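Dear colleague,

I am passing on the structure below, together with notes on what a first reading of it turned up. Please have it open while you go through them.

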Amino acid sequence: MNTSRNSFGSANDLTVLDEGQKDTLEYRIKAVSEKDGSKPISLWHDVTLVHIDPTTNSPTPYLNFVNEIPKFSRKKFEIATDEVGNPIKQDTKKGELREFKKGDIFFNYGCLPRTWEDPTFVHPDTMGCRGDNDPLDVCEIGLKIVQPGEIRPVKILGILCMIDDGEADWKLVTIDAMDKWAPFLNDIEDVEKHLPGQLDAIREWFRTYKIPDGKPPNVFGLEERFMNKAYAMEIIKECNHAWTELITGKKERSADFNNADDGVKKLVRKLSKSNLCDMAMEEAPTDISSPAVVEDDEGALAF
């Protein structure tokens with residue numbers, strides 16, 4: 001397991017702070033390390049993918065979830081992948097702060113740290129569409145309202161393949177490990193069994209949420225099915241490996257990057273270079289050391 005000062009296995013020793021005035025273009029939400037003298041940390045790069053028990057310092061069966069948008073809210077907060085330190089900011093369109101015109105979202109929405117949907121890669125199940133250049137999205141369906149920047153341990157239940165503006169945009173379905181429903185939910189079929197209608201509602205949210213902006217409905221791969229936990233874990237493994245290639249610089253030296261069009265190259269290069277260089281100087285990133293989930297020599301997950 002990584003013991004680098006830039007590795008945080010849980011929310012322990014972290015504080016989330018507001019910077020700037022809310023509801024402005026300058027407003028940011030940042031995490032700082034209490035043990036390193038309030039040093040800023042990246043919620044994308046410095047939080048481990050696997051949740052580490054802060055008491056035993058041992059890996060748990062859960063993954064870390066970084067929340068961006070609380071359930072029952074509509075401000076479109078997201079990790080700023082192209083800003084140094086990767087704070088959370090409210091997305092903008094034509095200089096205006098974005099909100100979901102459809103209305104409040106009904107689940108906590110965020111991402112998995114140390115994952116990246118590679119825009120030079122086309123998964124065979126994504127209808128010929130490349131990755132969207134962001135961390136893997138997460139829908140957390142527990143009862144608690146999780147605030148932006150909070151890190152929670154979650155159980156992976158399944159995944160939905162959404163196609164958004166010609167890009168693959170996977171949506172993981174998870175449950176907070178501490179939620180009262182968590183003991184009953186272990187795979188995607190359990191969600192339909194115990195919470196009937198939840199999955200259909202999630203799919204319809206993503207199908208229609210851009211219609212009020214004048215855009216057509218989103219479409220889905222895999223016959224619109226939610227795939228099970230085993231399938232979801234393979235996508236996570238793939239995106240963790242892509243993240244490792246990104247932060248070590250291997251991606252920009254690869255043949256698929258060199259063969260990509262200029263627009264895709266610009267997307268990759270737009271990511272926070274100073275933060276990536278800072279990480280490259282640290283100890284090689286390692287998330288996991290357990291019988292079920294380990295990493296190979298390149299830092300990618302092996303299940």
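In what follows, a residue is called buried under 20% relative accessible area, exposed over 50%, and partly exposed in between, with a 1.4 Å probe and protein chains only. By that rule Asp-18 is partly exposed, at a relative accessible area of 47%.

This is a predicted model, in which local features need pLDDT of at least 70 and side-chain atom pairs count only at pLDDT 80 or more, while totals for chains, interfaces and linings use all residues. Residues are numbered from 1 along each chain as its sequence is written, and side-chain values use heavy atoms, with hydrogens and water left out.

The chain as a whole

The chain holds 6 helices and 18 strands, taken as DSSP runs numbered from the N terminus (H or I of at least four residues for helices, E of at least two for strands). Of its 303 residues, 53% are buried. If contact is taken as heavy atoms within 4.5 Å, then among contacts with a separation of 6 or more, 68% are between residues 24 or more positions apart. The chain exposes about 13,400 Å², of which carbon and sulfur atoms supply 51%; these areas come from the Shrake-Rupley method with a 1.4 Å probe, and for residues only the protein chains shown count as cover.

Cores and cysteines

In soluble globular proteins, nonpolar side chains tend to be buried together. A nonpolar core here is a set of buried Ala, Val, Leu, Ile, Met, Phe, Trp, Tyr and Cys residues joined through side-chain atoms within 4.5 Å. The largest one has 46 residues, and Leu-43, Phe-107, Ile-141 and Phe-206 touch the most other members. Leaving out residues up to four places away in sequence, Phe-206 touches Phe-107, Tyr-109, Cys-139, Met-162, Lys-171, Asn-218 and Phe-220. A second, separate core of 24 residues includes Leu-63, Phe-65, Cys-129 and Met-227.

With a disulfide defined as a pair of cysteine sulfur atoms within 2.5 Å, the count is 0. For Cys-129, the nearest cysteine sulfur is that of Cys-161, 8.0 Å away. Cys-129 is buried, with a relative accessible area of 11%, and Cys-239 is buried as well, at 3%.

Salt bridges

Side chains of opposite charge can pair when their charged atoms come close. Counting a salt bridge wherever a side-chain nitrogen of Lys or Arg is within 4 Å of a carboxyl oxygen of Asp or Glu, there are 24 of them.

Asp-18 pairs with Lys-22, their closest N and O atoms being 4.0 Å apart. Lys-75 and Asp-23 meet at 2.6 Å, N to O. That pair links distant parts of the chain, 52 residues apart, with Lys-75 in the loop between β5 (59–69) and β6 (77–79) and Asp-23 in the loop between β1 (14–19) and β2 (28–33). Lys-75 is partly exposed at 28%, and Asp-23 is partly exposed at 48%.

Asp-165 lies in the loop between β13 (151–164) and β14 (167–176) and Lys-210 in the loop between α2 and β15, so the pair ties together parts that are 45 residues apart in sequence. Asp-165 counts as exposed, at 55% relative accessibility, whereas Lys-210 is buried, at 10%. Leaving aside neighbours within four places in sequence, Lys-210 is in contact with Asp-164, Asp-165, Lys-215 and Asn-218.

Finally, Asp-118, Glu-245, Lys-251 and Asp-256 are linked in a network of salt bridges.

With best wishes
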